[in-house]
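Please look at the sequence and the model together before reading on.

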Amino acid sequence: MPGEGILIITGSMIGDVILSTGALAEILDRHAGARITLVCSKGTAILFRHAPGQVEVIPLEKKKRGGHWFDLHRRLGARRWAAIYDFRDTVFSRFLKGPRHTPRRAAGEIRHKVIEASSILGETPPLSPQLWLGPETANTLPAELLAARKVLTLGPGATRVGKTWPAKRFGELAARLTAKDGALADGLVVITGGPGDREAAETIAAALPHERVLDMTGADLLITAAAMARADLFVGNDSGMMHLSAASGAPTLGLFGPTDDRLYGPWGEHATAVRPEGVTFAFGKISKTVSKDECQMTDLSVDQVATAAGALRAVVR
(Lines give C-alpha, C1' and ligand atoms only; values in the text may rest on other atoms or scores of the structure.)
Protein backbone atom coordinates (compact mmCIF):
# COMPACT_ATOMS: atom_id res chain seq x y z
CA MET A 1 0.00 0.00 0.00
CA PRO A 2 1.63 3.30 -1.07
CA GLY A 3 2.25 5.97 1.52
CA GLU A 4 0.72 9.42 1.62
CA GLY A 5 2.52 12.62 2.43
CA ILE A 6 6.10 13.45 3.28
CA LEU A 7 7.47 13.65 6.81
CA ILE A 8 10.49 15.84 7.60
CA ILE A 9 12.15 15.85 11.03
CA THR A 10 14.56 18.75 11.47
CA GLY A 11 17.20 19.56 14.08
CA SER A 12 16.38 21.36 17.32
CA MET A 13 18.91 24.21 17.25
CA ILE A 14 18.53 27.30 15.06
CA GLY A 15 22.00 26.97 13.52
CA ASP A 16 21.60 23.27 12.70
CA VAL A 17 18.23 23.87 11.06
CA ILE A 18 19.52 26.78 8.98
CA LEU A 19 22.45 24.69 7.74
CA SER A 20 19.96 22.06 6.54
CA THR A 21 17.60 24.45 4.72
CA GLY A 22 19.27 23.94 1.35
CA ALA A 23 18.47 20.24 1.54
CA LEU A 24 15.02 21.04 2.92
CA ALA A 25 14.30 23.31 -0.04
CA GLU A 26 15.32 20.55 -2.45
CA ILE A 27 13.03 18.07 -0.66
CA LEU A 28 10.11 20.49 -0.93
CA ASP A 29 10.89 21.01 -4.62
CA ARG A 30 11.13 17.28 -5.35
CA HIS A 31 7.80 16.68 -3.64
CA ALA A 32 6.00 19.76 -4.93
CA GLY A 33 2.26 19.29 -4.56
CA ALA A 34 2.58 16.69 -1.82
CA ARG A 35 1.33 17.23 1.71
CA ILE A 36 4.35 17.93 3.91
CA THR A 37 4.47 17.41 7.67
CA LEU A 38 7.49 19.07 9.23
CA VAL A 39 8.56 18.43 12.83
CA CYS A 40 10.81 21.02 14.47
CA SER A 41 11.49 22.70 17.81
CA LYS A 42 9.37 25.59 19.05
CA GLY A 43 12.28 27.97 18.59
CA THR A 44 12.79 27.14 14.91
CA ALA A 45 9.16 26.89 13.74
CA ILE A 46 9.15 30.50 12.61
CA LEU A 47 11.77 29.69 9.95
CA PHE A 48 9.07 27.76 8.06
CA ARG A 49 6.31 30.39 8.28
CA HIS A 50 6.63 31.13 4.54
CA ALA A 51 7.92 27.78 3.31
CA PRO A 52 6.45 26.90 -0.11
CA GLY A 53 3.77 24.27 -0.62
CA GLN A 54 1.38 22.59 1.78
CA VAL A 55 3.48 22.41 4.93
CA GLU A 56 2.03 21.45 8.28
CA VAL A 57 4.53 22.52 10.93
CA ILE A 58 4.53 20.61 14.23
CA PRO A 59 6.64 22.41 16.88
CA LEU A 60 7.77 20.01 19.59
CA GLU A 61 7.84 21.16 23.18
CA LYS A 62 10.47 19.07 24.94
CA LYS A 63 9.24 16.92 27.82
CA LYS A 64 10.99 14.83 30.43
CA ARG A 65 12.16 11.34 29.48
CA GLY A 66 11.41 11.92 25.81
CA GLY A 67 7.70 12.40 26.39
CA HIS A 68 7.43 14.66 23.34
CA TRP A 69 8.43 11.77 21.07
CA PHE A 70 5.77 9.50 22.59
CA ASP A 71 3.18 12.25 22.01
CA LEU A 72 4.34 12.58 18.42
CA HIS A 73 4.11 8.84 17.83
CA ARG A 74 0.53 8.82 19.08
CA ARG A 75 -0.20 11.58 16.59
CA LEU A 76 1.68 10.28 13.55
CA GLY A 77 2.54 6.64 14.21
CA ALA A 78 -0.46 5.12 12.43
CA ARG A 79 0.21 6.91 9.14
CA ARG A 80 2.06 5.41 6.20
CA TRP A 81 4.45 7.90 4.56
CA ALA A 82 5.62 8.17 0.96
CA ALA A 83 9.00 9.25 2.36
CA ILE A 84 10.52 10.14 5.73
CA TYR A 85 13.48 12.55 5.91
CA ASP A 86 14.99 12.53 9.40
CA PHE A 87 17.85 15.02 9.70
CA ARG A 88 18.36 13.96 13.34
CA ASP A 89 18.34 10.20 12.69
CA THR A 90 15.97 9.75 15.63
CA VAL A 91 14.90 6.43 17.11
CA PHE A 92 11.34 7.70 16.73
CA SER A 93 11.40 7.61 12.92
CA ARG A 94 12.59 3.99 12.90
CA PHE A 95 9.16 2.94 14.15
CA LEU A 96 7.27 4.75 11.40
CA LYS A 97 5.93 3.26 8.17
CA GLY A 98 7.63 4.41 4.97
CA PRO A 99 11.07 4.68 3.30
CA ARG A 100 13.44 6.49 5.64
CA HIS A 101 16.29 8.83 4.66
CA THR A 102 18.97 10.17 7.01
CA PRO A 103 22.23 12.10 6.52
CA ARG A 104 25.35 10.05 6.02
CA ARG A 105 27.70 10.52 8.96
CA ALA A 106 31.13 9.08 8.19
CA ALA A 107 33.09 8.28 11.36
CA GLY A 108 36.33 10.26 11.60
CA GLU A 109 35.61 12.31 8.48
CA ILE A 110 35.58 16.10 8.74
CA ARG A 111 32.66 17.36 6.66
CA HIS A 112 30.87 20.65 7.00
CA LYS A 113 27.35 20.32 8.37
CA VAL A 114 25.91 21.69 5.11
CA ILE A 115 27.55 18.82 3.24
CA GLU A 116 26.31 16.34 5.83
CA ALA A 117 22.74 17.66 5.67
CA SER A 118 22.79 17.53 1.87
CA SER A 119 23.74 13.85 1.97
CA ILE A 120 20.20 13.01 3.11
CA LEU A 121 19.41 13.16 -0.61
CA GLY A 122 22.25 10.83 -1.59
CA GLU A 123 25.11 11.87 -3.84
CA THR A 124 24.51 15.55 -4.45
CA PRO A 125 26.57 18.76 -4.44
CA PRO A 126 26.33 20.78 -1.21
CA LEU A 127 22.99 22.57 -1.04
CA SER A 128 23.49 26.08 0.32
CA PRO A 129 21.18 27.32 3.10
CA GLN A 130 18.29 29.53 2.16
CA LEU A 131 15.58 31.46 3.97
CA TRP A 132 11.89 31.98 3.26
CA LEU A 133 11.24 35.53 4.46
CA GLY A 134 7.88 36.34 2.90
CA PRO A 135 7.17 39.53 0.92
CA GLU A 136 5.94 41.54 3.88
CA THR A 137 8.92 40.92 6.19
CA ALA A 138 11.07 43.77 4.86
CA ASN A 139 8.19 46.21 5.45
CA THR A 140 8.51 45.70 9.21
CA LEU A 141 12.14 46.83 9.50
CA PRO A 142 12.92 49.79 11.80
CA ALA A 143 13.04 53.17 10.07
CA GLU A 144 16.59 53.92 11.26
CA LEU A 145 17.81 50.75 9.59
CA LEU A 146 16.11 51.60 6.32
CA ALA A 147 17.68 55.07 6.41
CA ALA A 148 21.22 53.90 7.26
CA ARG A 149 23.85 54.19 4.51
CA LYS A 150 26.19 51.68 6.17
CA VAL A 151 25.27 48.86 8.54
CA LEU A 152 27.37 46.70 10.86
CA THR A 153 25.46 43.79 12.39
CA LEU A 154 26.74 41.98 15.47
CA GLY A 155 25.87 38.64 17.06
CA PRO A 156 27.39 38.61 20.58
CA GLY A 157 25.45 35.60 21.88
CA ALA A 158 25.93 31.83 21.72
CA THR A 159 24.46 28.73 23.33
CA ARG A 160 27.47 28.38 25.66
CA VAL A 161 29.64 30.98 27.37
CA GLY A 162 32.77 29.17 26.20
CA LYS A 163 32.30 30.28 22.60
CA THR A 164 31.26 33.89 23.29
CA TRP A 165 33.78 36.63 22.54
CA PRO A 166 33.71 39.25 25.33
CA ALA A 167 31.01 41.88 24.79
CA LYS A 168 33.48 44.69 25.56
CA ARG A 169 35.58 43.56 22.61
CA PHE A 170 32.53 43.65 20.36
CA GLY A 171 32.01 47.22 21.50
CA GLU A 172 35.63 48.15 20.84
CA LEU A 173 35.50 46.53 17.40
CA ALA A 174 32.26 48.31 16.50
CA ALA A 175 33.67 51.66 17.63
CA ARG A 176 36.76 51.09 15.50
CA LEU A 177 34.89 50.00 12.36
CA THR A 178 32.34 52.83 12.53
CA ALA A 179 34.78 55.61 13.48
CA LYS A 180 35.30 58.50 11.06
CA ASP A 181 38.29 56.71 9.53
CA GLY A 182 36.80 53.22 9.85
CA ALA A 183 35.70 50.79 7.12
CA LEU A 184 32.05 51.55 7.97
CA ALA A 185 32.41 55.18 9.01
CA ASP A 186 29.35 56.51 10.86
CA GLY A 187 27.54 53.25 10.20
CA LEU A 188 24.57 51.99 12.18
CA VAL A 189 25.44 49.15 14.56
CA VAL A 190 22.64 46.58 14.77
CA ILE A 191 22.89 44.09 17.65
CA THR A 192 21.07 40.80 17.14
CA GLY A 193 20.31 37.78 19.30
CA GLY A 194 17.80 36.42 21.74
CA PRO A 195 16.34 38.10 24.85
CA GLY A 196 19.24 36.66 26.88
CA ASP A 197 21.72 38.74 24.87
CA ARG A 198 20.37 42.12 26.00
CA GLU A 199 23.03 42.54 28.69
CA ALA A 200 25.74 42.05 26.05
CA ALA A 201 23.90 44.53 23.83
CA GLU A 202 23.99 47.14 26.61
CA THR A 203 27.73 46.62 27.06
CA ILE A 204 28.32 47.09 23.33
CA ALA A 205 26.05 50.13 23.13
CA ALA A 206 28.00 51.82 25.94
CA ALA A 207 31.02 52.03 23.63
CA LEU A 208 29.08 53.85 20.87
CA PRO A 209 27.06 57.01 20.32
CA HIS A 210 23.48 56.09 21.21
CA GLU A 211 22.12 57.36 17.89
CA ARG A 212 24.23 54.82 16.01
CA VAL A 213 22.97 51.73 17.86
CA LEU A 214 19.90 49.63 17.12
CA ASP A 215 19.21 46.85 19.62
CA MET A 216 17.28 44.05 17.87
CA THR A 217 17.92 41.34 20.47
CA GLY A 218 14.75 39.35 20.95
CA ALA A 219 13.34 40.30 17.55
CA ASP A 220 11.47 37.90 15.27
CA LEU A 221 14.00 35.66 13.47
CA LEU A 222 12.68 36.49 10.00
CA ILE A 223 12.75 40.24 10.67
CA THR A 224 16.29 39.80 12.01
CA ALA A 225 17.25 37.95 8.82
CA ALA A 226 15.79 40.74 6.69
CA ALA A 227 17.80 43.26 8.71
CA MET A 228 20.96 41.19 8.24
CA ALA A 229 20.41 41.11 4.48
CA ARG A 230 20.90 44.91 4.47
CA ALA A 231 24.19 44.75 6.37
CA ASP A 232 27.58 45.61 4.92
CA LEU A 233 29.15 43.25 7.44
CA PHE A 234 28.15 40.85 10.20
CA VAL A 235 30.53 39.82 12.99
CA GLY A 236 29.43 37.24 15.52
CA ASN A 237 30.12 34.11 17.51
CA ASP A 238 29.53 30.58 16.31
CA SER A 239 25.76 30.69 16.78
CA GLY A 240 22.38 30.63 15.12
CA MET A 241 22.69 34.36 14.45
CA MET A 242 25.91 33.78 12.50
CA HIS A 243 24.26 31.12 10.32
CA LEU A 244 21.17 33.31 9.88
CA SER A 245 23.40 36.13 8.64
CA ALA A 246 25.28 33.93 6.17
CA ALA A 247 22.01 32.51 4.84
CA SER A 248 20.69 36.06 4.36
CA GLY A 249 23.59 36.73 1.98
CA ALA A 250 25.33 39.29 4.20
CA PRO A 251 29.15 39.31 4.36
CA THR A 252 29.62 37.22 7.51
CA LEU A 253 32.64 36.85 9.78
CA GLY A 254 32.32 34.07 12.34
CA LEU A 255 34.41 34.10 15.52
CA PHE A 256 35.65 30.66 16.56
CA GLY A 257 37.57 29.10 19.42
CA PRO A 258 36.53 25.82 21.06
CA THR A 259 34.28 24.78 18.14
CA ASP A 260 35.49 23.60 14.74
CA ASP A 261 34.86 26.00 11.86
CA ARG A 262 35.55 23.18 9.39
CA LEU A 263 32.24 21.72 10.59
CA TYR A 264 30.29 24.78 11.71
CA GLY A 265 31.81 27.75 9.88
CA PRO A 266 29.45 30.23 8.19
CA TRP A 267 28.53 28.93 4.74
CA GLY A 268 28.47 31.16 1.70
CA GLU A 269 30.45 32.97 -0.96
CA HIS A 270 30.94 35.97 1.34
CA ALA A 271 31.39 34.12 4.62
CA THR A 272 34.54 33.23 6.52
CA ALA A 273 35.83 32.46 10.00
CA VAL A 274 38.64 33.75 12.21
CA ARG A 275 40.35 31.90 15.07
CA PRO A 276 42.91 32.94 17.73
CA GLU A 277 46.38 32.78 16.21
CA GLY A 278 48.72 30.14 17.63
CA VAL A 279 46.08 28.58 19.91
CA THR A 280 45.12 24.91 19.69
CA PHE A 281 41.79 23.55 20.89
CA ALA A 282 40.82 19.93 21.50
CA PHE A 283 37.62 19.68 19.49
CA GLY A 284 35.01 17.16 20.53
CA LYS A 285 31.45 16.84 21.72
CA ILE A 286 30.31 20.37 22.55
CA SER A 287 28.86 19.35 25.90
CA LYS A 288 32.33 18.21 26.96
CA THR A 289 34.69 20.66 25.25
CA VAL A 290 32.81 23.99 25.38
CA SER A 291 32.40 25.54 28.81
CA LYS A 292 28.99 26.57 30.13
CA ASP A 293 30.34 29.36 32.30
CA GLU A 294 33.92 30.24 31.30
CA CYS A 295 34.92 32.19 28.19
CA GLN A 296 37.35 30.32 25.93
CA MET A 297 37.71 33.14 23.40
CA THR A 298 40.00 35.57 25.22
CA ASP A 299 42.97 34.79 22.94
CA LEU A 300 41.11 36.28 19.97
CA SER A 301 42.14 39.94 19.84
CA VAL A 302 40.23 42.93 18.52
CA ASP A 303 43.15 43.60 16.16
CA GLN A 304 42.87 40.14 14.64
CA VAL A 305 39.11 40.40 14.18
CA ALA A 306 39.39 43.90 12.70
CA THR A 307 42.01 42.66 10.23
CA ALA A 308 39.81 39.71 9.22
CA ALA A 309 36.82 42.04 8.83
CA GLY A 310 38.85 44.35 6.61
CA ALA A 311 39.98 41.42 4.44
CA LEU A 312 36.40 40.20 4.03
CA ARG A 313 35.19 43.70 3.13
CA ALA A 314 37.94 43.98 0.53
CA VAL A 315 36.86 40.71 -1.12
CA VAL A 316 33.17 41.63 -1.13
CA ARG A 317 33.77 45.04 -2.65
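## Basis

This is a predicted model, in which local features need pLDDT of at least 70, side-chain atom pairs count only at pLDDT 80 or more, and totals for chains, interfaces and linings use all residues. Residues are numbered from 1 along each chain as its sequence is written, and side-chain values use heavy atoms, with hydrogens and water left out.

## Residue T178

T178 sits in the loop between α6 (167–177) and β7 (188–191). Helices (H or I, at least four residues) and strands (E, at least two) are DSSP runs, numbered from the N terminus. T178 counts as buried because its relative accessibility is 0%; buried means under 20% relative accessible area, with a 1.4 Å probe and protein chains only.

The T178 side chain reaches the backbone oxygen of A174 at 2.6 Å. At 2.9 Å, the side chains of T178 and R212 make a polar contact, that is, a pair of N or O atoms within 3.5 Å, where one must be able to donate a hydrogen and the other to accept it, and residues adjacent in sequence count only if both atoms are side-chain atoms. Beyond neighbours within four places in sequence, T178 is in contact (heavy atoms within 4.5 Å) with residues including L152, L184 and L208.

## Second largest pocket

Helix α7 (residues 198–205) supplies the largest share of the lining of the second largest pocket, three residues.

Methods: Buried means under 20% relative accessible area, exposed over 50%, partly exposed in between (1.4 Å probe, protein chains only).
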